Structures are given as C-alpha cells and as structure tokens.
Amino acid sequence: MFATLRLYLDSHQMALAGTLARLAKAPLASALTLSLIAVALALPAIALSVLHNTGALLPDHSSPARISVYLKPQTAAAEVRRLGEEIAATEGVAQVAVISAEESLRAFREQRDIGDMLALFESNPLPAVVEVTPDAQHDRAPGLNLLSARLHNLNGVDRAETNIAWLQRLDAIIALARTAVHLLAALFAAVVLLVIAAIIRSETESRRDEMEILALLGAGDAFIKRPFFYTALCYGLGGGLLAGLTTALATAIIDDHLRQLLSLYGSDFARDGMFWPRIVLYTTGAGAALCVAGAWLSLRKEKL
Amino acid sequence: MIQLHKVVKRFRGETALAEINLEIGDGEMAFITGHSGAGKSTLLRLIAAIERPDFGQVFVNGRDITRLARAQIPYLRRRIGFVFQNHRLLFDRPVFDNVALPLRIGGAGRVEAGKRVRAALDKVGLLGKEALNPASLSAGQQQRVGIARAIVNRPLILLADEPTGNLDPELSREIMNLFSEFNRAGTTTLVASHDLALIGVLGHRVVTLHEGRLAGGAE
Ligand SMILES: Nc1ncnc2c1ncn2[C@@H]1O[C@H](COP(=O)(O)OP(=O)(O)OP(=O)(O)O)[C@@H](O)[C@H]1O
Ligand SMILES: [Mg+2]
C-alpha cells in the first residue's frame, strides 16, 4: 500500500522534475510566458483589490444620513430656537442640533483664509443651521428626500440639503466600476486560459514523437499528459505568485491615494487593504486553476 | 499465445495483409520473412494493437485484442516488448532514461529500475554507455538500445522488427542468440527479418509472407 503510493508519488516527482528541467532549458521563453501570465493576472487583481478596498462605499455601507436645514439669513435668535423646536417635532426627525449664525461664524473664523475674508463683511453673512438626523424610516431615499422637501417648505427655511446625494452618486459610479472590473477580470481570465492552451498546444506539437513513443511503450493517457499539466501548473503558480506580489505593492500605493481622495469628501471610507499573503494566495490559486484548465482545454482532444 | 484469425488489413484500399491465419504457441520462437512490403511490420503492429485489422481477430494471451477498449491497450503493450524497425529512441535524454522508459511507465522503483536497466544494457553489450545521448551512438548501437528497452520489462511477448538491420554479421548473430536466450527463458518471441542466411542457421520456425499472404510456415 505504502509502496504503491510511494511509486505513484515517485512518478509525479519525476514528471515535475522533467518539467522544471525543460523550463530551465529555455529560460527566456519561460520568463516571457511567466511575465505574460503575471501581467494578465495582476491587472484584474489590482482592479479587484482597489474595488474591495473601496467596498465601504458600496450600497451596504451604513454612514448616517443627515439633512442640513439652512434658515433664512438674519433670522432672530428666538425665531431660530422656535424653528429648531418645530423641526424637531416634524415627522421623520429623530434628532436636531441647532447651530446659530454666531457659532457658524466662529467655526469659520478658525479657518484662516476664510476667516480673513469674512472680515470684509459688515454683518454676519452666515445663516443659522439645523442639523437633522432622520429616523430609521427616513434615512434612505425616497423617505429621506420626502423629509428633506417637507423641511424645505417650512416657513423661515432657506433650503435643506441631504449629505448623501453625493454618496448616492458615488454608489452609482462604484456599481458601474464594479461591473466593469468584473468584466475585465473575466476577460483576462479568458486571456490566461487561451494563452496557456496555445502554449500547451505548441508544446504537444513539438513533442509529438515523444508522446507517440510513450504510447507505444504502454503509457496511458494520464502518464503522457502529466508533464504538460505540470508545465501549465508551473506557469500558473509562478505567474500567480508574481502577480500577487505586484498586486500587493500596487494596492499599497493606490490605497494611500485613495485615502487622500476620500478624505477630500471629509470621510475615511477606505477599508483596510487585504493582508498581502492573502492576495498572493488568491492570485496564485487563480493562476494555477486557470492554467491547469487551459492545459485541459488543449489536451482534451488529444488521442493517442 | 498469439493467434491471428482471418485477419485482413488494408491501407487506403491497398491490401497489406489478406486473410492471415497464424498461431504462435506459448514460449515459441518464430521468424517472419518476406520481401519488402510483404506485410511483416504490419503483422507485428497488429499484435501490439498499434494497428487495428479491418476484418478478423487477433488473440493475445487468450484475449481478442481487436475488441479492447482504448483505455485497455496500454496494459497490453506493457506485456509486450517491441523492437521497432526505426528504433524510435528519444534523443533529448541519455541512453539510461531511454531504456528506463518502460519501467517508469510500469511504475518500478528507482533502485530496482537502475538495476534492471544496467542488466539490460549489459545483455546488449552497451554497459558503460548509460550516460551518452543515443544520437552520439552508431546505428547498430542505437538498435541495441532499442532492444535493451524492449527486454528491460521482462515482457511476456517479444516482437522485433528487423532488429539486425544495421548490424554486421557477427553482431547480428549475437543479437539473434540473445533473442533465443530470451525465448529459452520462456518469452514468446517473434522476429521479422529478411536475413535468410542467419535465420537458416538458428533453426526456429520460419513464417514467410508474400504480398500480404502466408507463403509458408503457417501450419
Ligand atoms: N501506415 C501505413 N499507411 C499506408 N500504407 C502502409 C502503412 N503501413 C504499411 N503500409 C503498406 O502496407 C504494405 C506492408 O507494409 P509493411 O511495412 O508491413 O511491409 P514490410 O514487410 O515490413 O516491409 P519492409 O521489409 O520494407 O519493412 C506496404 O505496401 C506498405 O506500403
Ligand atoms: Mg517492415
């Protein structure tokens, strides 16, 4: 039993050793193929990784919805307080925070450039604002938009703005990006599959004699095809490893930029990037699976 | 051991073998002779299921091999040692690896394989040439590598197609004696050759083919 297993493993080891020796014999060709596979895997992997890291922006995110209700300028303090209470009592409102014109002014003064500019005005140009947190039934469209319109129509209110209009736009953009990236990934997967299928095809063409002789000596299908599967596996694992490392490096760089970009929107939505060995594991697995599938594709019809 | 029953083989309408009835007994040794194109190679190839007959049956060790499933053919071939007319060696690897191929296919252990390969090379007088590439050997030496590869697995049946085609008379004799020796050890042996002088001396059964028909020795 153990002896049989040992012999079986022996034969695999020999096939693998033969494959590696063959690849080493033509280092340039092997390196070119390996790089081709690596690039074809890295491109969609980087795109998928960036998509993953912006995942917090996808429709399942739970950033709280807000409505900023701007009151008409020069509204008296008492009237501001009364409007605050009225808004708090409106259906769909969970919480309010009243920010008077003076408080707004003070906040702005702390920002140097704008503060200097404000000095040009004789009186405070800033309106008072009521920050509204909607309740659970109104924190998403269309309930949110309904509530926003209701607040806008109150007497003394200048306009009401939801903070998630841009978030919704971003959601739409990201949904589009996600579709595009998945299409890209499928396309590049097909590229890897076909490249390996073509490479194995030309390999079998040039080793036709060897395959025939092995068959004449009583080798079965599996034995004859084994070296080609190992060749494909080597390309897949090697290319996948390279692609994984490239992707890990590229995403680390892109993540920095992504964070900067998102901080412009006043938020930190970027998820932590994947742990790099996990990226390598994924690309290596995908590479191996695709390459072996490609080999299978081209060996499928081989009859000896 | 080997029986051909009304075997017909055609290549593109041309009849290579016509209604061949032939029986080779267990442990028997026989020569097949005939002019070039008489069908000697085709006959041997039918026995190893390299060619399939158009009509008739071929029995090997009691089984009708014309009915074998594709997946069964490798097992048949592993019991047969075949010396090919054109050697069919692999020139991308040394002599040792060439001779070891049937053992690798059969799944022999490495130590055991090493022993058997050296024993086989010793028998054909090529011990010490294991590490050479067959391309660097003479035609006669390549022929003998092919013979070593055919016998390394201790086959049930040995089929040799012109195994002395490239050898001088003395070496031819040695090789034929080697086949006789194998045969004495119990291997059913069938050798295609047109070296009538040598065949006559050895005194085994001689089957003669003429234009795809048996012309003698069929009984
Ligand atoms: N694969 C093939 N395709 C077409 N014709 C073939 C094929 N193999 C053999 N033949 C034909 O069958 C006939 C017998 O060929 P075979 O090779 O068996 O002859 P042979 O007796 O071995 O000749 P030689 O002594 O020259 O080796 C010949 O006419 C040959 O042309
Ligand atoms: Mg012939």
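This is a dialogue on how to read a predicted model, taken feature by feature.

Me: Where should I begin with chain A, and how many helices and strands does chain A have?

Reply: Begin with the secondary structure, bearing in mind throughout that the model is predicted. Chain A comes to 10 helices and 4 strands, and read from the N terminus the elements follow the order α-α-β-α-β-α-α-β-α-β-α-α-α-α. Of the 304 residues in chain A, 40% are buried. Among contacts in chain A with a separation of 6 or more, 84% are between residues 24 or more positions apart.

Me: What area is buried between chain A and chain B?

Reply: The size of an interface is often given as the accessible area lost when the parts come together. Here the area buried between chain A and chain B is about 2000 Å², and carbon and sulfur atoms give 58% of that area. On the side of chain A, the residues that lose the most area to chain B are I213(A), L216(A) and L217(A), which together make up 33% of what that side buries. Counted by residues, 21 of chain A are in contact with 20 of chain B.

Me: How many residue pairs are in polar contact across the interface, and which helix of chain A gives the most to the side that touches chain B?

Reply: The rule finds 6 residue pairs in polar contact across the interface of chain A and chain B, counting pairs with both residues at pLDDT 80 or more. Helix 1 (2-25), helix 8 (208-216) and helix 9 (221-263) of chain A each supply at least two residues of the side that touches chain B, and helix 8 gives the most, with 7 residues. Sorted by class, that side of chain A has 10 nonpolar, 3 polar and 8 charged residues.

Me: How many salt bridges are there between chain A and chain B, and which side chains meet in them?

Reply: One of the bridges between the chains brings the side chains of D209(A) and R88(B) together at 3.0 Å, N to O. In another, the side chains of D92(B) and R22(A) meet at 3.4 Å, N to O. D92(B) lies in the loop between strand 6 and helix 3 of chain B, and R22(A) lies in helix 1 of chain A, so this pair joins two chains. D92(B) counts as partly exposed at 36% relative accessibility, and R22(A) counts as partly exposed at 30%.

Me: Which residue does R22(A) meet within chain A, and which residues belong to the network of salt bridges?

Reply: R22(A) also forms a salt bridge with E210(A), at 3.9 Å, N to O. Because E210(A) lies in helix 8 and R22(A) in helix 1 of chain A, the pair ties together parts that are 188 residues apart in sequence. E210(A) is buried, with a relative accessible area of 9%. The linked network consists of R22(A), E203(A), R207(A), E210(A), D92(B) and R93(B).

Me: Is R207(A) buried or exposed, and where is R207(A) found?

Reply: At 8% relative accessibility, R207(A) counts as buried, since the cut-off for buried is under 20%. R207(A) is found in the loop between helix 7 (165-206) and helix 8 of chain A. Leaving aside neighbours within four places in sequence, R207(A) is in contact with R22(A), P227(A) and F228(A).

Me: How many residues apart are R82(A) and E86(A), whose side chains meet in a salt bridge?

Reply: R82(A) and E86(A), whose side chains meet at 3.2 Å, N to O, are 4 residues apart in helix 3 (residues 77-89) of chain A, which means that about one helical turn separates them. R82(A) is partly exposed at 39% relative accessibility, and E86(A) is partly exposed at 30%.

Me: Which protein donors does the magnesium ion have?

Reply: The protein donors of the magnesium ion (ligand 2) are S41(B), through OG, and Q85(B), through OE1, lying 1.8 to 2.3 Å from the ion. S41(B) lies in helix 1 (residues 40-47) of chain B and Q85(B) in the loop between strand 6 (80-83) and helix 3 (95-106) of chain B, so the pair ties together parts that are 44 residues apart in sequence. Q85(B) counts as partly exposed, at 41% relative accessibility.

Terms used
Residues are numbered from 1 along each chain as its sequence is written. Chains are lettered from A and ligands numbered from 1 in the order in which they are written. This is a predicted model: local features need pLDDT of at least 70, side-chain atom pairs count only at pLDDT 80 or more; totals for chains, interfaces and linings use all residues. Side-chain values use heavy atoms; hydrogens and water are left out. Contact means heavy atoms within 4.5 Å. Buried area is the accessible area (1.4 Å probe) that two parts lose on being put together, summed over both. A salt bridge is a side-chain nitrogen of Lys or Arg within 4 Å of a carboxyl oxygen of Asp or Glu. A polar contact is a pair of N or O atoms within 3.5 Å; within protein, one must be able to donate a hydrogen and the other to accept it, and residues adjacent in sequence count only if both atoms are side-chain atoms. Ala, Val, Leu, Ile, Met, Phe, Trp, Tyr, Cys and Pro count as nonpolar, Asp, Glu, Lys and Arg as charged, and the others, Gly among them, as polar. Donors are N, O and S atoms within 2.8 Å of the metal (3.2 Å for Na, K and Ca); water is not among the atoms, so sites may look incomplete. Buried means under 20% relative accessible area, exposed over 50%, partly exposed in between (1.4 Å probe, protein chains only).
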